[in-house]
Amino acid sequence: MTKKSNIYIGRQPIYNANLGVFAYELLFRSGDTDNVSASDKSGDEATSQVVINTFLEMGLENLVGTRNACINLGENYLLWENIPRIMPERVILDIPENLKINEASVNVVKDLKKAGFKLAVNDFTNRPEMAQLINYIDIIRINVMDLEYEITKKHVAQLKKYNKAMLAEKIEHLDDYDLYTSLGFTYFQGYFLSHPKIVKSQSISNNRLSVMNLIATINNPRHNVDQLEGIINKDIGLSYKILKLVNSALFGLSSKVESIKHCIVLLGRRQLISWATMMAMSNLDDRPHEMLHISLIRAKTCELLAKYSRASSEDCYFTVGLLSALDILMQQPIKQLVKNLPLSDEVRDALVYRKGDMGEALNSAIAFELSEWEKVKFKNLEKVDLVKVNLEAYRWANEITRNLR
C-alpha cells in the first residue's frame with residue numbers, strides 16, 4: 001500500500017476594502033522529507049492536491065469557515081472539468097496567466113462560470129489575448145510588488161474599462177493598503193496584517209490603554225479567585241461575552257452557566273484568565289477583526305503543540321500565542337507592551353526574544369501563518385502531528401470567531 005503523504009495547509013487571507021476577510025487562498029505542501037512545496041510541483045499536480053484535500057480530506061468549512069476558498073488552477077485546462085461541483089458559489093478559481101487561449105480553453109472557462117464558480121485572472125495588460133475571457137471573469141489580480149506604483153496606476157486605468165473587481169496582491173504593509181485603496185482596488189492580499197505597523201508616538205489611545213490595563217489586571221497573580229471574579233463582574237461587557245461563549249455549543253454543557261464564579265469552577269482560574277484576556281482583546285473595535293482571528297490561531301497552535309509534545313503549562317503556551325499579536329493590535333513594540341504585564345520571565349522571554357520552548361512554539365505558529373512550512377517544527381513531533389495541530393487550530397479559531405459575533 002502506498003504511504004499517504006501528510007499535507008500542510010496554508011491559508012492566505014484576501015481582504016475586502018473594510019479589511020474583512022472575503023476569501024482564503026489555499027496553499028498546500030507535502031509533509032514528506034523532500035520539502036517540496038506545491039508551487040514547485042507542476043501546476044496540475046498542485047491543483048489536484050488542493051482540490052482533493054479541500055473537498056474530500058479536510059472539508060471546506062474546516063479550512064475557510066463561512067468564507068470563500070481561492071484555488072489556483074494548473075495549466076492543463078482539460079483537467080479542469082474534473083473539479084468537483086461542490087459548493088461552487090464558495091470557490092474562486094484562479095486561471096493561470098500563461099493559459100493557452102483557444103476555442104477549447106475558452107469553452108472550458110465558460111463551463112466553469114456556468115457551473116457557478118467565481119473566476120480570477122492575473123493582470124493581462126501585457127497579454128491582450130486574455131481579454132477574450134473577460135465576460136466570464138469576476139476578479140483581475142495585480143501583483144503590486146513586481147510593479148512600480150506609477151505602472152500599477154497605469155494598468156488600473158487600462159483595466160477599469162472592463163468594470164471588474166480588482167485585487168492587489170503582495171501587500172506587505174498597511175501603508176501600502178491605504179495607497180492601493182485610493183486607486184480603486186476592491187480586494188487586497190498579503191501579510192500586511194501579520195506585521196505590526198509601529199507608530200512613532202509612544203502613547204496609546206484611550207481605548208487601547210483601557211484594554212491593556214484590563215489585561216494586566218486580569219493576569220495579576222496576586223488576585224485571588226474572589227478578586228478575579230469581582231474584576232470581571234465590574235466589566236459588564238466582558239462578563240457578558242464570557243458567559244455567552246461558555247454557554248455556546250462550543251462547550252456543550254448540559255446546564256446553563258449563570259455566573260463568573262461558576263465559570264471559574266468549571267474552567268479553573270488559569271483557563272478563565274486566558275478566556276478573559278481573549279475577550280478583552282476583542283474589545284478593540286478599531287482594529288480589523290482578522291487581527292484577533294490571527295491571535296486565536298496562534299494561541300491554539302501553541303497550546304496544541306504543548307499538548308501533543310506533553311509539555312507542561314499548556315495555558316502558558318496559549319497565553320504566549322494570544323499575546324504575541326498585541327504589537328499588531330496596539331501598534332506598539334511587543335517589548336514595550338509586555339514590560340508592564342504581570343507575566344513570568346519564561347512567557348516574557350518567549351514573547352520578546354522567542355526564547356525557550358514557548359518561543360519555539362510561537363515561531364512555529366507564525367511560520368504556519370506565513371506558509372513558511374520549512375520552519376515548522378517543535379520538539380520531537382512528527383509531521384503528522386504538526387498537520388493535526390494546524391488543522392485543529394484553524395477549526396477551533398473559526399468556531400470561536402463565529403461565537404464571538
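# Reading a predicted chain, feature by feature

Modeller: Tyrosine 149 is partly exposed, with a relative accessible area of 26%. Keep in mind that this is a predicted model.

Biologist: How is 26% read as partly exposed?

Modeller: Buried means under 20%, and exposed means over 50%; partly exposed is what lies in between. Tyrosine 149, at 26%, falls in that middle class.

Biologist: What about tyrosine 180, buried or exposed?

Modeller: Tyrosine 180 counts as buried, because its relative accessibility is 5%.

Biologist: Now the whole chain. What percentage of the residues count as buried?

Modeller: The chain has 405 residues, and 53% of them count as buried. Its accessible surface comes to about 18,700 Å². Carbon and sulfur atoms hold 49% of that surface.

Biologist: How many helices and strands are in the chain?

Modeller: There are 17 helices and eight strands. Look also at the contacts with a separation of 6 or more: 64% of them join residues 24 or more positions apart.

Biologist: Which residues of α12 are buried?

Modeller: Tyr317, Phe318, Thr319, Val320, Gly321, Leu322 and Leu323. Cysteine 316 is partly exposed, with a relative accessible area of 23%.

Biologist: On to the aromatics. How many aromatic pairs does the count come to?

Modeller: A pair of aromatic rings is described by the distance of the centres and the angle of the planes. In this structure the count comes to 12 aromatic pairs. One of them joins tyrosine 77 and tryptophan 80: the centres are 6.5 Å apart and the planes stand at 75°, so the pair is edge-to-face. Both tyrosine 77 and tryptophan 80 are buried.

Biologist: And how do the rings of tyrosine 149 and tyrosine 180 pair; what is the angle of their planes?

Modeller: Their planes are at 55° and their centres 5.9 Å apart, so this pair is tilted. Tyrosine 149 lies in helix α4 (residues 149-159) and tyrosine 180 in helix α5 (residues 174-181), so the pair ties together parts that are 31 residues apart in sequence.

Biologist: Which residues form one aromatic cluster?

Modeller: Tyr15, Tyr177, Phe188 and Phe192 do.

Biologist: How many disulfides does a search of the whole structure find?

Modeller: A disulfide is a covalent bond between the sulfur atoms of two cysteines. In this structure the search finds zero. Cysteine 302 counts as buried, at 0% relative accessibility.

Biologist: How do I read a polar residue inside? Where is histidine 155, for one?

Modeller: Histidine 155 lies in helix α4. It is buried, with a relative accessible area of 7%. Its side chain and that of aspartate 123 are joined by a polar contact of 2.5 Å. Beyond neighbours within four places in sequence, histidine 155 is in contact with Asp123, Thr125, Asn126, Ile142 and Leu147.

Biologist: And arginine 90, buried or exposed?

Modeller: Arginine 90 is buried, at 12% relative accessible area. It is found in the loop between β3 (68-72) and β4 (91-95). The side chain reaches the backbone oxygen of glycine 65 at 2.7 Å. Leaving aside neighbours within four places in sequence, its contacts include Leu60, Glu61, Val64 and Arg67.

Biologist: What of leucine 78, buried or exposed?

Modeller: Leucine 78 is exposed, with a relative accessible area of 54%. It lies in the loop between β3 and β4. From leucine 78 to valine 108 is 30 residues in sequence and 7.6 Å in space, C-alpha to C-alpha.

Notes
Residues are numbered from 1 along each chain as its sequence is written. This is a predicted model: local features need pLDDT of at least 70, side-chain atom pairs count only at pLDDT 80 or more; totals for chains, interfaces and linings use all residues. Side-chain values use heavy atoms; hydrogens and water are left out. Buried means under 20% relative accessible area, exposed over 50%, partly exposed in between (1.4 Å probe, protein chains only). Helices (H or I, at least four residues) and strands (E, at least two) are DSSP runs, numbered from the N terminus. Contact means heavy atoms within 4.5 Å. Accessible areas come from the Shrake-Rupley method with a 1.4 Å probe; for residues, only the protein chains shown count as cover. Rings of Phe, Tyr and Trp (its six-membered ring) pair if their centres lie within 6.5 Å; planes under 30 degrees apart count as stacked, over 60 as edge-to-face and the rest as tilted. A disulfide is a pair of cysteine sulfur atoms within 2.5 Å. A polar contact is a pair of N or O atoms within 3.5 Å; within protein, one must be able to donate a hydrogen and the other to accept it, and residues adjacent in sequence count only if both atoms are side-chain atoms.
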